[in-house]
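I opened my notebook and wanted to see how the parts of this chain hold on to each other. Here is what I looked up, entry by entry.

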Amino acid sequence: MTHAMLKGSNIPLETTAIRAVLRWTSGTDVPDVDASALLLAEDDRVRSDEDFVFYNQPRHPSGLVRHLPKKRLPEGLTDTIEAELSGLEAEVRRVVLAASADGGAFGQVRDLSLLLYDASAAADAEPIAIFEVQPETGKEAALICGELYRRKDSWKFRALGQGYDTGLVGLATEYGISVDDGEGAGAKPEPDESASAAEPPSASAAPPSPPSPTPPPAPTPAPSSAPTPSQAETQALPPQVPAPAAGYGYPPPHPQPHPQGPTPDPWDPQRMPPAAAQSDGYGHVPPQPTAPPPPPPGGYPPPPAQAPYSPQPSYGYPQPPAYGYPQQMQPTGAVPPPPPLPAPVPDPNFTLPPQGPQFQNR
């Protein structure tokens, strides 16, 4: 039978192996919830910091109180504390079951409840008690959900729901947990960047390598003592114009002098026959046969000159006149329209041919 607990109510426990489960509904704006347990003595304070069992210290030195990993169930997220009450020392009078919100307050946590199970029973057994925890102001960052306490030789459970705005630090300080430098109990310390920056380098660190020497500048070459041609001699030299190469559209190059001597000029009058070099008495020298030009250096004659390319007109455009036919002059002015055709006149003597019986009126 499951007992629905109200705030301040209590029930006796028939078993001493208890599993306390915190359950809530997760969401994007819901902070994470952590379960913890504090073992208190007669003065309602812990005997040492080892009596505080939470995620950073998940096991008591006696092994009788343990913090189990979180689970995701269809009903929601869970965080669990297990305790074997019968084996605890007589000095431990109470075991406080607490919850803390990481990154927010319990006003943002939905459907928070504490379920108490018999740890020695089957896993699918119904809970002994269930307590729906409701924060009073919604600003609480830590809550005491309930407590397991001794009553003579037996144990009982009481539903509490007491909140702390100071979070897990305020709850731990309330029961005698020592918190150094304002850090939360079990909080992960962040690395101190200022201390690492001020720390001197160790002796094993490699010393900085010396700067590499700058190479000396390259020597400037001394001016050459060889004589240079004067400005007058440079201006007297004829300009060197490269001869065009033989090919399409270019005349053949001039014949180069033979390495054994100059090539004789065919127009030299001294090489002409005496009869050919004399005139006819009127100052006219008859034409003389010309020698063929020497072949180009490559050994092949230049290609013949080709006629310039003239594109052919496209289809549908006027064609140029053929050679030998007169050209037709195109009129430049407006062309008068042709005269209208006479209207047809019906023949008065026209009669239809005889029609068959299928076309006669009956």
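**Entry 1: charged pairs**

I began with Asp34, which forms a salt bridge with Lys70, their closest N and O atoms being 2.8 Å apart. My note on the term: a salt bridge is a side-chain nitrogen of Lys or Arg within 4 Å of a carboxyl oxygen of Asp or Glu. Asp34 lies in strand β4 and Lys70 in strand β6 (residues 65-73), so this pair ties together parts that are 36 residues apart in sequence. I noted that helices (H or I, at least four residues) and strands (E, at least two) are DSSP runs, numbered from the N terminus.

Before going on, I wrote down that this is a predicted model, where local features need pLDDT of at least 70, side-chain atom pairs count only at pLDDT 80 or more, and totals for chains, interfaces and linings use all residues. Residues are numbered from 1 along each chain as its sequence is written, and side-chain values use heavy atoms, with hydrogens and water left out.

Is Asp34 buried or exposed? It counts as buried, at 10% relative accessibility. Lys70 counts as partly exposed, at 35% relative accessibility. The cut-offs: buried means under 20% relative accessible area, exposed over 50%, and partly exposed in between (1.4 Å probe, protein chains only).

Next I checked Asp44, which forms a salt bridge with Arg94, with 3.1 Å between the closest N and O atoms. This pair links distant parts of the chain, 50 residues apart: Asp44 is in the loop between β4 and β5 (52-53), and Arg94 is in strand β8. Asp44 counts as partly exposed at 37% relative accessibility, whereas Arg94 is buried, with a relative accessible area of 17%.

Then I found Arg47 and Glu89, whose side chains meet in a salt bridge (2.6 Å, N to O). They too link distant parts of the chain, 42 residues apart, with Arg47 in the loop between β4 and β5 and Glu89 in the loop between β7 and β8. Arg47 counts as partly exposed at 35% relative accessibility, and Glu89 counts as partly exposed at 46%.

**Entry 2: the cores**

I turned to nonpolar cores, meaning sets of buried Ala, Val, Leu, Ile, Met, Phe, Trp, Tyr and Cys residues joined through side-chain atoms within 4.5 Å. The largest has 40 residues, and Leu97 and Leu148 have the most contacts inside it. Among the elements that give two or more residues to this core are β3 (17-25), β7 (76-84), β9 (110-118) and β12 (154-164). Apart from it lies another core, of 15 residues, among them Leu40, Phe54, Leu168 and Leu171.

What does Leu148 touch? Leaving aside its neighbours within four places in sequence, Leu148 is in contact with residues including Leu13, Ile18, Leu97, Leu116, Trp155 and Phe157. Contact here means heavy atoms within 4.5 Å.

**Entry 3: helix α1**

Leu168 and Leu171 came up again: along with Gly167, Gly170 and Ala172 they are the buried residues of α1. These buried residues pack against β4, β5, β8, β11 and β12. Just after α1, Gly176 takes a positive phi of about 90 degrees.

Ser178 is partly exposed, with a relative accessible area of 47%. The C-alpha atoms of Ser178 and Asp49 are separated by 7.1 Å, although these residues are 129 apart along the chain.

**Entry 4: the whole protein**

The protein has four helices and twelve strands. Buried residues make up 26% of its 362 residues. Of the contacts between residues at least 6 apart in sequence, 65% join residues at least 24 apart.
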